[in-house]
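Please go through the briefing below alongside the sequence and the 3D view.

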2 protein chains.
Amino acid sequence: MSPSPATDTRTRIVRTAMDLFWEKGFNSTSIADILSRSQLNSGSLYHFFPGKQDVLIAVLEAYRDGIYPMLIEPAWRGVRDPIARIFALLAAYRAMIVESDNSYGCPIGSLALELHEPDPKVRELLAANFDAWTGAIGRCLEEAGDRLPPDLDHRELAEFVLTTMEGGVMQARTHREVGYFDRNVRSLRTHFAMLEQLAKAERVAAGVGRSARRAPLKTGQKRGR
Amino acid sequence: MSPSPATDTRTRIVRTAMDLFWEKGFNSTSIADILSRSQLNSGSLYHFFPGKQDVLIAVLEAYRDGIYPMLIEPAWRGVRDPIARIFALLAAYRAMIVESDNSYGCPIGSLALELHEPDPKVRELLAANFDAWTGAIGRCLEEAGDRLPPDLDHRELAEFVLTTMEGGVMQARTHREVGYFDRNVRSLRTHFAMLEQLAKAERVAAGVGRSARRAPLKTGQKRGR
DNA sequence: TGGTTGCTTGATTGACCGCTCAACCAAGGC
DNA sequence: GCCTTGGTTGAGCGGTCAATCAAGCAACCA
C-alpha cells in the first residue's frame, strides 16, 4: 500500500537535492543543505548513498526518467503538429524563465558546465539527458515528413534545437531578460520557415519534372537557379 | 623598463586565476590553489584583492579586455570576408575543443551557468563579455551588407551565432565529441546559406526593372570556406 | 522472549575553506 | 640616520565541508 519508508526517505533526498542543485549548483550545495531542507540526519543519507557524488547520479537519473512525463508531455498537451510541438517545448522553457524572474537555468546544462572533471558515470548521464531531449525533437522532425527537405539531417537539426534552447536560456539568464531567449527562438523559427520553404520548392520542382535536380544546399557556393 | 613589481604580482594572480577558473570552475578553485600555482602568499593576494569575489571580477575584466586582441583578431588574421570571419571564429573554438581533448568549455559560459547568485557587478561583466562577442559578430553582419536580407535583425542573428557556439561547445564537451560542435556549425552554415539565397532572390526581384544596378560583385568576393 | 534486520540518530572527525594580521623588508625622501 | 610607503611573509583563526560511527529504535520472525 504505502511506499516503504526506505523509498520515501530516498526519494525525499533526491527531490531535495534536485531542487538545491538547480538553485545553487552542485558544488555550492552542501550535504548539510540537503539534510536541513529534507529534515533528515546525515546517517540516513549515507545509509542510501555512499557519498555526495552518488546523490548527483540519482538526481541525474531522476531527470532522465522524468523528462517525458514531467517536461515534454505537459508541453505537448493539446499540440499535435510536430513542428508546433518543438516550439511548444521552447515555450515551456520561456514560461520557466519568466516564472523564475529571468534567472532560470537548465539544470542539466548548468551541471554540464559546472562539473569540470565529472566521473564517467556522471558524464554519461548528462549525455543521456541531452539524448533524451534531442531524441524527442528528432521524432518530431521525422513526423514532419516532407514538410522538411528530404536530405535534412534530423539529428543535426535536433541538436541545433537543443543548442537554441541552451544558448537562449544562458543569455536570458545572464542578461536577466527574456528577450534574449525570444530572439533565439525567433531565429530558429526563421530557420524552420526557410527549410519548409525549401522543401516546398523541391516538391514543386519534383512534381513538375524529375529532371529538376537540386544541388544539396550546403556550405559555401550554391548553384544559381 | 620592467613593470612595477606591484603590477607584476597582480597580473600573476589574475592570470593564474583565469587558468584555474577555466580548469576547475570558480567554486572548486580555492585561494590556496591560486597561491600555490602562482607561488605567492596569501598576504600578497589580499593586499590587491579584498576577497575571492574581487579576483573573479578582475578575471572577467581581463577576459572582456582580451577578447579582441587574444581571441577575435587572431581568428580573423588573413580572413577578410565578413561572413567567413564569423565561421573563422567558430573554427577557432573548434581548434580549442580539439586541443583540449574535447573537454573545452567556454570560460564565460561556464561561469555564467556556475554562479547562481552572482553579485550585480559579476553579472554585468558576464553580460559585457557576451556583448563584446556578439558585437564583433554584429559588425560582420553589417559589413556583409546586401548579401543578407535588408530586414534582417543583426542583433538577433549575432546572438544566434553566440548561441550556436555556446550550445555546440556544451554538447561537444558533454559527449566528448567534436562532432556535436561541427553539426551545430553546419546548421548555422545552412542558416546563412538560406539567408544569402533569400537576399539574392530579393535583390533580383528588386532589380528586375533596372538594368545596370547590380550588387557590387567584387572579384574574389566569393565567400570563404 | 529474544534475535535479526533495516533504518535512524546526531555528535564527532580531520581536512580544508576564505581570510586576518603582526612582523618584516627594501627603496626613496629628508 | 631614520622615517614613510608599498609590498611581502606565513602562521593561524573561526568556520564549514563531506563523511563516520557507535548507539538506538521499531517491526518482524523464531
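This is a predicted model: local features need pLDDT of at least 70, side-chain atom pairs count only at pLDDT 80 or more; totals for chains, interfaces and linings use all residues.

**Conventions**
- Residues are numbered from 1 along each chain as its sequence is written, while chains are lettered from A and ligands numbered from 1 in the order in which they are written.
- Local features need pLDDT of at least 70, side-chain atom pairs count only at pLDDT 80 or more, and totals for chains, interfaces and linings use all residues, with side-chain values using heavy atoms and leaving out hydrogens and water.

**Interface**
- Because 89% of the interface residues of chain B are also interface residues in chain A, the copies meet through the same surface.

- A:F87 lies in helix α5 of chain A, residues 82-99 (helices are DSSP runs of H or I, at least four residues, numbered from the N terminus).
- With 8% relative accessibility, A:F87 counts as buried, a term for under 20% relative accessible area with a 1.4 Å probe and protein chains only.
- Leaving aside residues up to four places away in sequence, A:F87 touches A:V185, A:L188, A:R189 and A:F192, where contact means heavy atoms within 4.5 Å.

**Confidence**
- Chain A averages a pLDDT of 91, and 89% of the residues score at least 70; pLDDT is the predictor's confidence in each residue, from 0 to 100.
- Over residues 218-225 of chain A pLDDT stays under 50, and the model has 13 contacts beyond four places in sequence for them.

Terms used. Helices (H or I, at least four residues) and strands (E, at least two) are DSSP runs, numbered from the N terminus. Buried means under 20% relative accessible area, exposed over 50%, partly exposed in between (1.4 Å probe, protein chains only).
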